[in-house]
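Colleague: I would like to learn how to read a protein model. Could you take me through it step by step?

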Amino acid sequence: MLALLARGQDDQDALAARLSPEDRAARGELHHWSPKDHVAHNNFWRQDANGRLGAYLEGGPPPDTDDDLAWNDRVFVEQRETPWERLVGETERIRAETAALIQQLRADDLSQKDRYPWQGGGSLGTLILVNWYDHPAEHWAEVYLSRGEIDRALELRRAVATTVRELFAHEPRMYSYMVYKLGGYYARSGRSEEAVEAIREALAVNPSLSEQVRKDTGLDPLRALPEFQALYER
C-alpha cells in the first residue's frame, strides 16, 4: 500500500516537471479542466479515502460522497482559484495522513471486503489503489493526451497495469481491469494492434469482460477489425 502511495506521488511529480509556470497557473472551465483542477480533484478523492480508512478503524460512518459527479463539480468550483503550490502541498499532507492510517491497519483489514455494508464488497486495499494510484493516473494521462503527449500517456497506463500485476498478483481480475483500460487508451490513440492485444489479454484473465467489450463505445475504433470481432464473438 505504501508503494502505491509512492508511485502515485511520483506520477504527479512527473507531470508537474513537464508543466511550465503558465501551465500550472492556468484556470480551467467546469468541464474542461486545467492541470491544477485535476490535482484538486484527486486531492479530494484521496482525502475521501482517508475518511473511509478512519471510519473502518473507528467503526463510524464514512464520508457521504456517493453522488460523485456532483462532488466533482463542487470541488472544481471551490478549488478553482487555489494556487498550484497550495494544491501540491495538500497532496503531501494527505499522503502523510494516508501513510499513518495504513500503518494502523493489518493485512486482513486491507483485504477484508465485508466488515461494513458501506464497503460495497470492496476492500480497503482496492480503495487505496483506486484513489491514490489508478484514478489519478487516468487524470494525468488525460492531461498528457490534451498536450499531444500520446506516448507518455500510454507509458503511464502501461506502468499502472504492470504495478497492479506485481502488487496484486493474488487478484488477477484486478489486473484484467487495468489492462482493459490500457486497451481503451490504445484504441483512442490509433494503436489498433496494441489495443486488440491488450483486450485479448484482459479477456483471457477475466472472460466476464466480454459483454463490456461488446458495449464499450470507447472501443468503436476497433469494431471493423476481424481480429477484434473474433474476441467477443467467440
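Colleague: In which helix is Arg52 found?

Modeller: Arg52 is found in helix α3. Helices here are DSSP runs (H or I, at least four residues), numbered from the N terminus. A word on the source: this is a predicted model, where local features need pLDDT of at least 70, side-chain atom pairs count only at pLDDT 80 or more, and totals for chains, interfaces and linings use all residues. Residues are numbered from 1 along each chain as its sequence is written, and side-chain values use heavy atoms, with hydrogens and water left out.

Colleague: Is Arg52 buried or exposed?

Modeller: Buried means under 20% relative accessible area, exposed over 50%, and partly exposed in between (1.4 Å probe, protein chains only). Arg52 counts as buried because its relative accessibility is 11%. Contact means heavy atoms within 4.5 Å. Leaving aside residues up to four places away in sequence, Arg52 touches Pro62, Pro63, Thr65, Asp66, Trp118 and Leu127.

Colleague: Why is α3 described as largely enclosed?

Modeller: Of the 24 residues of α3, 19 are buried, so the helix is largely enclosed by the rest of the structure. Just after α3, Gly59 takes a positive phi of about 75°.

Colleague: Which residues have the most contacts inside the largest nonpolar core?

Modeller: In soluble globular proteins, nonpolar side chains tend to be buried together. A nonpolar core is a set of buried Ala, Val, Leu, Ile, Met, Phe, Trp, Tyr and Cys residues joined through side-chain atoms within 4.5 Å. Here the largest one has 58 residues, and Ile128, Val164, Ile199, Val213, Leu219 and Phe228 have the most contacts inside it. The largest share of this core, 11 residues, comes from α7. Leu219 touches residues including Ile199, Val213 and Phe228.

Colleague: How much space lies in the largest pocket?

Modeller: Rolling a probe the size of a water molecule over the atoms shows where empty space is left. On a 1 Å grid over the protein atoms alone, a pocket is an open set of points where a 1.4 Å probe fits, with protein on both sides within 12 Å along at least five of seven lines; lining residues have an atom within 4 Å of a point. Grid points are joined across faces, edges and corners, and a volume is the space filled by probe spheres set on the points. The largest pocket holds about 550 Å³ of space. Its lining has 23 residues, with Gln119, Thr126, Leu127, Val130 and Asn131 nearest the centre. The helix that gives the most to this lining is α7, with 6 residues.

How values were computed. Helix = DSSP H or I, 4+ residues; strand = E, 2+ residues; numbered from the N terminus.
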